[in-house]
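Subject: Model handover, helix packing

Hello,

Here is the structure for you to look over. Please open it before reading on.

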Amino acid sequence: MYNESRVKGKIALITGATSGIGKACAFALANLGMNLIITGRRENLLHDIKEDLEKNFSIKVFPIQLDVRDSKEVQEKLGSLPKEWKDIDVLINNAGLALGLDKLYTNTSEDISTVIDTNVKGLLYVTNTIVPHMIERDVPATIINMGSVAGDAAYAGGAVYCASKAAVKILSDGLRIDLVDTKIKVTDVKPGLVETDFSLVRFKGDQERAKKVYQGIEPLTPENIAETVAYIANLPANVHIAEITIVCNNQADGRTIFKK
Ligand code: NDP
Ligand code: 8X3
């Protein structure tokens with residue numbers, strides 16, 4: 001039904017496009033003919049991905065090295081985009097991470113700050129830099145925030161991460177309300193287990209432990225999520241998906257998983 005691209009030639013900005021879900025979103029949106037601003041901290045990866053995208057699709061890609069935790073950097077880099085990249089139609093707030101899977105009272109203040117500053121404050125800094133110009137343009141636009149089933153209920157050892165994703169849900173709801181008199185839509189995408197570098201980052205490079213998370217179950221792939229993100233980005237202007245939960249088979253919610 002929505003096979004044709006409505007967003008060809010339009011611009012999407014993706015945070016955390018160097019890996020996993022964000023990178024897969026870049027390819028899925030490129031497939032719809034969107035020009036892309038890809039961001040992340042690892043500059044070398046951004047340039048490799050730009051090359052790969054421009055080789056495979058007839059689109060333009062603008063890489064910006066960006067740490068979403070740095071409000072000044074966000075304001076400077078995203079608040080002064082070149083004229084041809086200013087008109088962002090789709091914003092994907094995807095950058096995020098978890099650190100550790102330990103009892104709340106053992107979490108270090110450094111890890112707590114990193115998770116909250118990235119998943120919550122970073123999303124706010126980027127959103128607040130982009131939205132005013134979206135409103136000014138007065139054309140249909142979509143903001144897609146990467147939430148999680150982790151935001152629906154706490155699980156053992158995940159309190160700070162779960163709280164950050166609960167915040168993404170409430171911020172998405174609040175922004176949707178605050179934009180109700182505009183043409184801008186806000187969607188909270190809530191995946192379950194997706195096999196990416198997420199667990200490797202969470203367990204600080206412990207490959208064995210990270211691998212175990214996805215054993216005994218067929219997890220989602222980043223491409224599974226990207227397909228839904230592209231579908232949402234490509235919806236007709238009158239169709240507004242507020243929230244969507246995507247889990248793999250044998251996962252019921254953030255804490256109920258059946259492993260063989
Ligand atoms: P990855 O680790 O593969 O990707 C995370 C991305 O976030 C990377 O591109 C990384 O880029 C970027 N990032 C992290 N910190 C920052 C920062 N301070 N500034 C800018 N970019 C940053 O994990 P996923 O693809 O799985 O995660 C993407 C999103 O999906 C996250 O928000 C995560 O919480 C969410 N999610 C993941 C699920 C899963 O099971 N994998 C399930 C539900 C939600 P770089 O290091 O280059 O800065
Ligand atoms: C990431 C998925 O279940 O590890 O949000 O929290 S989970």
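Predicted model: local features only at pLDDT ≥ 70, side-chain atom pairs only at ≥ 80, totals over all residues.

Residues are numbered from 1 along each chain as its sequence is written, chains are lettered from A and ligands numbered from 1 in the order written, and side-chain values use heavy atoms, without hydrogens or water.

**H4 and H5**

Helices here are DSSP runs (H or I, at least four residues), numbered from the N terminus. H4 covers residues 109-137 and H5 residues 159-178. Their axes lie 9 Å apart, at an angle of about 15°. Axes are lines fitted to C-alpha atoms over the stretch in contact, and angles run from 0 to 180 degrees between N-to-C directions. H4 is therefore roughly parallel to H5 (under 35 degrees; over 145 is roughly antiparallel, 65 to 115 roughly perpendicular, the rest oblique). The crossing is right-handed, meaning that the near helix is turned clockwise from the far one by less than a right angle.

Contact means heavy atoms within 4.5 Å. On H4, the contact residues include Ile112, Ile116, Asn119 and Leu123. On H5, they include Tyr161, Ser164, Lys165 and Leu171. By class, the contact has 12 nonpolar, 3 polar and 1 charged residues. Ala, Val, Leu, Ile, Met, Phe, Trp, Tyr, Cys and Pro count as nonpolar, Asp, Glu, Lys and Arg as charged, and the others, Gly among them, as polar.

**H4 itself**

H4 has a kink of about 40°, centred on aspartate 117. The bend is the angle between axes fitted to the seven residues ending there and the seven starting there. What follows H4? Aspartate 138, with a positive phi near 60°.

**H1 with H2**

H1 (residues 20-31) packs on H2 (residues 43-56) at about 25°, axes 10 Å apart. The two are therefore roughly parallel. H1 passes H2 in a right-handed crossing. Lys23, Ala26, Phe27 and Ala30 of H1 meet Ile49, Asp52 and Leu53 of H2. That contact holds 5 nonpolar, no polar and 2 charged residues.

**H1 with H8**

H8 spans residues 222-233. Its axis comes within 8 Å of that of H1, crossing at roughly 50°. H1 and H8 are therefore oblique to each other. This crossing is right-handed. The contact includes Gly20, Ala24 and Ala28 of H1 and Pro222, Ala226 and Ala230 of H8. It has 11 nonpolar, 1 polar and 1 charged residues.

Regards
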